Amino acid sequence: MHMKKKVTIIGGAGTIGNILTKGLHDKYDFTILDKTPNQGQNYVQVDATNPDLLIESIPKDCECLINLLTIKSDNDLENVDEFHKMTDIHFMSSFYIFHAAITLGIPKVVYASSNHTTDYYESNGISKLGREINISDYPYSRGLYGVLKLASENIGHILAREESNNLSIINLRIGSVHPDEHQTVREDERLHHTLLSHDDTIRLFDLAIQSNVKYGTYYGVSDNPKKPWSTENAWKELGFVSKVNSLDLLDNGES
């Protein structure tokens with residue numbers, strides 16, 4: 001019998017973690033690490049801002065880490081405590097996860113980056129450049145969140161390029177993923193352009209886990225009308241083809 005690849009999702013109790021574990025449980029053996037208490041099978045409660053506990057909590061035969069850590073914050077460029085909270089989760093912990101992969105000999109990290117790395121160029125789901133935003137556009141962000149996501153990508157670039165680390169890092173700059181996508185796409189016009197459907201989320205992360213790319217950065221967005229970001233390199237390098245977009249959800253209220 002073919003052994004399923006062991007994948008650990010850090011920050012896996014949220015929306016994307018639930019989508020991936022439901023959509024890919026036949027293909028991968030998942031362990032979820034999250035700060036939220038949960039008594040589910042293959043679930044470990046751990047604070048990812050503690051690097052020693054993090055390393056202890058990752059199964060030693062794990063073959064891929066997925067970093068889905070996220071928190072919301074207000075006034076993080078005015079309030080120093082909020083700034084530190086954001087930096088702990090979106091930068092320090094990013095490094096701890098890369099470091100854990102190197103320490104444990106795990107060859108792949110898939111990092112959930114964000115479209116907010118380049119949100120300076122986008123307004124209400126529409127690119128302000130007169131064309132799709134791509135990974136060659138200098139990442140100007142309107143907020144700390146995007147700045148820290150970019151900084152984490154760049155730390156990953158250093159670590160993936162160090163041959164002795166034997167590490168592949170895939171950054172997915174995720175668009176908009178919502179638990180109830182059929183409802184939300186009707187209520188929020190931005191999602192008509194920025195949606196990454198559940199189907200496409202599963203497809204993109206699966207391809208990222210399987211990929212042989214040493215280091216790559218890709219926008220995660222479905223093939224929506226007037227989508228603001230280019231997925232051309234995700235198609236060329238990962239083989240990503242969007243199958244369900246915002247129009248499909250608007251046309252079909254029930255999946």
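Helices (H or I, at least four residues) and strands (E, at least two) were taken as DSSP runs and numbered from the N terminus. On this basis the chain contains nine helices and nine strands. With a radius of gyration of 17 Å, close to the 18 Å given by the globule rule for 255 residues, the chain is therefore as compact as a globular protein of that length; the radius is taken over C-alpha atoms, and the rule is 2.2 Å times the number of residues to the power 0.38.

The model is predicted: local features require pLDDT of at least 70 and side-chain atom pairs pLDDT 80 or more, whereas totals for chains, interfaces and linings use all residues. Residues are numbered from 1 along each chain as its sequence is written, and side-chain values use heavy atoms, without hydrogens and water.

Along the principal axes, the C-alpha atoms of the chain fill a box of roughly 50 × 45 × 35 Å. Of the 255 residues, 50% are buried (under 20% relative accessible area, 1.4 Å probe, protein chains only). Among contacts (heavy atoms within 4.5 Å) with a separation of 6 or more, 67% involve residues 24 or more positions apart.

Helix α1 (residues 15-24) packs against helix α7 (residues 198-210) at an angle of about 75°, the axes lying 9 Å apart. Axes are lines fitted to C-alpha atoms over the stretch in contact, and angles run from 0 to 180 degrees between N-to-C directions. α1 is thus roughly perpendicular to α7 (65 to 115 degrees). In α1, Ile-16, Ile-19, Leu-20, Gly-23 and Leu-24 meet His-198, Thr-201, Ile-202, Phe-205 and Asp-206 of α7.

Methods:
Angles under 35 degrees count as roughly parallel, over 145 as roughly antiparallel, 65 to 115 as roughly perpendicular and the rest as oblique.
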